[in-house]
Amino acid sequence: MPNLKLDLINKLNNEKMFAELELVRLAQEPNMNYKKKIDEMNSYLYDIALVNAKLGLIEQYFKEPVPQAAPSPKSQPVQQTPQGKVHQGQSHGE
(Lines give C-alpha, C1' and ligand atoms only; values in the text may rest on other atoms or scores of the structure.)
Protein backbone atom coordinates (compact mmCIF):
# COMPACT_ATOMS: atom_id res chain seq x y z
CA MET A 1 0.00 0.00 0.00
CA PRO A 2 2.85 2.49 0.56
CA ASN A 3 3.71 2.20 -3.15
CA LEU A 4 0.12 3.07 -4.11
CA LYS A 5 0.19 6.14 -1.88
CA LEU A 6 3.57 7.22 -3.20
CA ASP A 7 2.50 6.71 -6.82
CA LEU A 8 -0.66 8.78 -6.30
CA ILE A 9 1.30 11.56 -4.64
CA ASN A 10 3.89 11.60 -7.43
CA LYS A 11 1.21 11.68 -10.15
CA LEU A 12 -0.62 14.56 -8.47
CA ASN A 13 2.58 16.49 -7.83
CA ASN A 14 3.45 16.17 -11.53
CA GLU A 15 -0.01 17.44 -12.52
CA LYS A 16 0.36 20.34 -10.11
CA MET A 17 3.82 21.22 -11.40
CA PHE A 18 2.65 21.33 -15.02
CA ALA A 19 -0.41 23.41 -14.10
CA GLU A 20 1.81 25.87 -12.22
CA LEU A 21 4.19 26.11 -15.19
CA GLU A 22 1.28 26.84 -17.54
CA LEU A 23 -0.07 29.42 -15.13
CA VAL A 24 3.26 31.27 -15.07
CA ARG A 25 3.57 30.99 -18.85
CA LEU A 26 0.08 32.45 -19.32
CA ALA A 27 0.77 35.29 -16.91
CA GLN A 28 3.82 36.30 -18.95
CA GLU A 29 2.15 35.86 -22.38
CA PRO A 30 1.98 39.37 -23.93
CA ASN A 31 0.10 38.50 -27.16
CA MET A 32 -3.01 36.78 -25.81
CA ASN A 33 -6.58 38.00 -25.62
CA TYR A 34 -7.14 39.28 -22.07
CA LYS A 35 -10.44 37.46 -21.53
CA LYS A 36 -9.03 34.19 -22.83
CA LYS A 37 -5.96 34.62 -20.60
CA ILE A 38 -8.13 35.20 -17.51
CA ASP A 39 -10.32 32.17 -18.32
CA GLU A 40 -7.35 29.86 -18.86
CA MET A 41 -5.56 31.10 -15.75
CA ASN A 42 -8.73 30.53 -13.75
CA SER A 43 -8.89 27.00 -15.11
CA TYR A 44 -5.30 26.25 -14.08
CA LEU A 45 -5.88 27.72 -10.63
CA TYR A 46 -8.90 25.46 -10.29
CA ASP A 47 -6.79 22.45 -11.30
CA ILE A 48 -4.10 23.37 -8.75
CA ALA A 49 -6.71 23.73 -6.00
CA LEU A 50 -8.16 20.30 -6.85
CA VAL A 51 -4.73 18.69 -6.76
CA ASN A 52 -4.04 20.27 -3.36
CA ALA A 53 -7.37 18.92 -2.06
CA LYS A 54 -6.58 15.47 -3.46
CA LEU A 55 -3.18 15.47 -1.78
CA GLY A 56 -4.88 16.29 1.52
CA LEU A 57 -7.34 13.44 1.06
CA ILE A 58 -4.53 11.01 0.31
CA GLU A 59 -2.88 11.94 3.60
CA GLN A 60 -6.22 11.53 5.37
CA TYR A 61 -7.17 8.16 3.88
CA PHE A 62 -3.74 6.57 3.54
CA LYS A 63 -2.34 7.26 6.99
CA GLU A 64 0.77 5.31 7.86
CA PRO A 65 0.05 2.72 10.54
CA VAL A 66 1.52 3.72 13.85
CA PRO A 67 3.67 0.90 15.19
CA GLN A 68 2.33 -0.21 18.51
CA ALA A 69 4.84 -0.86 21.23
CA ALA A 70 4.64 -4.16 23.03
CA PRO A 71 2.54 -3.84 26.15
CA SER A 72 4.77 -3.41 29.15
CA PRO A 73 4.39 -6.02 31.84
CA LYS A 74 2.48 -4.75 34.79
CA SER A 75 4.88 -3.95 37.55
CA GLN A 76 4.31 -5.70 40.81
CA PRO A 77 3.85 -3.37 43.75
CA VAL A 78 6.77 -3.51 46.12
CA GLN A 79 5.72 -5.25 49.28
CA GLN A 80 7.10 -3.70 52.38
CA THR A 81 7.69 -5.99 55.26
CA PRO A 82 7.90 -4.87 58.85
CA GLN A 83 11.35 -4.95 60.43
CA GLY A 84 12.32 -8.19 62.03
CA LYS A 85 10.43 -10.32 59.53
CA VAL A 86 12.15 -12.77 57.24
CA HIS A 87 12.36 -11.59 53.64
CA GLN A 88 12.42 -13.85 50.67
CA GLY A 89 15.92 -15.25 50.17
CA GLN A 90 16.94 -14.57 53.78
CA SER A 91 17.59 -17.22 56.36
CA HIS A 92 16.80 -15.07 59.39
CA GLY A 93 15.13 -11.77 60.28
CA GLU A 94 17.14 -8.58 60.48
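This is a predicted model: local features need pLDDT of at least 70, side-chain atom pairs count only at pLDDT 80 or more; totals for chains, interfaces and linings use all residues.
Modeller: Residues are numbered from 1 along each chain as its sequence is written, and side-chain values use heavy atoms, with hydrogens and water left out.

Colleague: OK, what share of the chain is buried?

Modeller: Buried residues are 12% of the 94 in the chain. Buried is under 20% relative accessible area, exposed is over 50%, and partly exposed is in between (1.4 Å probe, protein chains only).

Colleague: Which residues make the largest nonpolar core?

Modeller: Five of them: I9, L12, V51, L55 and I58. A core here is a set of buried Ala, Val, Leu, Ile, Met, Phe, Trp, Tyr and Cys residues joined through side-chain atoms within 4.5 Å.

Colleague: And which helix gives the most to this core?

Modeller: Helix 2, with three residues.

Colleague: What does V51 touch, leaving aside neighbours within four places in sequence?

Modeller: V51 is in contact with L12, E15 and K16, contact being heavy atoms within 4.5 Å.

Colleague: Switching to charges, how many salt bridges are there?

Modeller: The count comes to five, taking a side-chain nitrogen of Lys or Arg within 4 Å of a carboxyl oxygen of Asp or Glu. One of them pairs E59 with K5, closest N and O atoms 3.5 Å apart. That pair links distant parts of the chain, with E59 in helix 2 and K5 in helix 1, 54 residues apart.

Colleague: Are those two buried or exposed?

Modeller: K5 is buried at 10% relative accessible area, while E59 is partly exposed at 42%.

Colleague: Which salt bridge does K11 form?

Modeller: K11 pairs with E15, and their closest N and O atoms are 2.6 Å apart. Both lie in helix 1, four residues apart, about one turn of the helix.

Colleague: And what about E22?

Modeller: The E22 side chain meets that of R25 in a salt bridge, 2.9 Å from N to O. They're three residues apart in helix 1, so about one helical turn separates them. Salt bridges that share partners join E22, R25 and E29 into one network.

Terms used: Helices (H or I, at least four residues) and strands (E, at least two) are DSSP runs, numbered from the N terminus.
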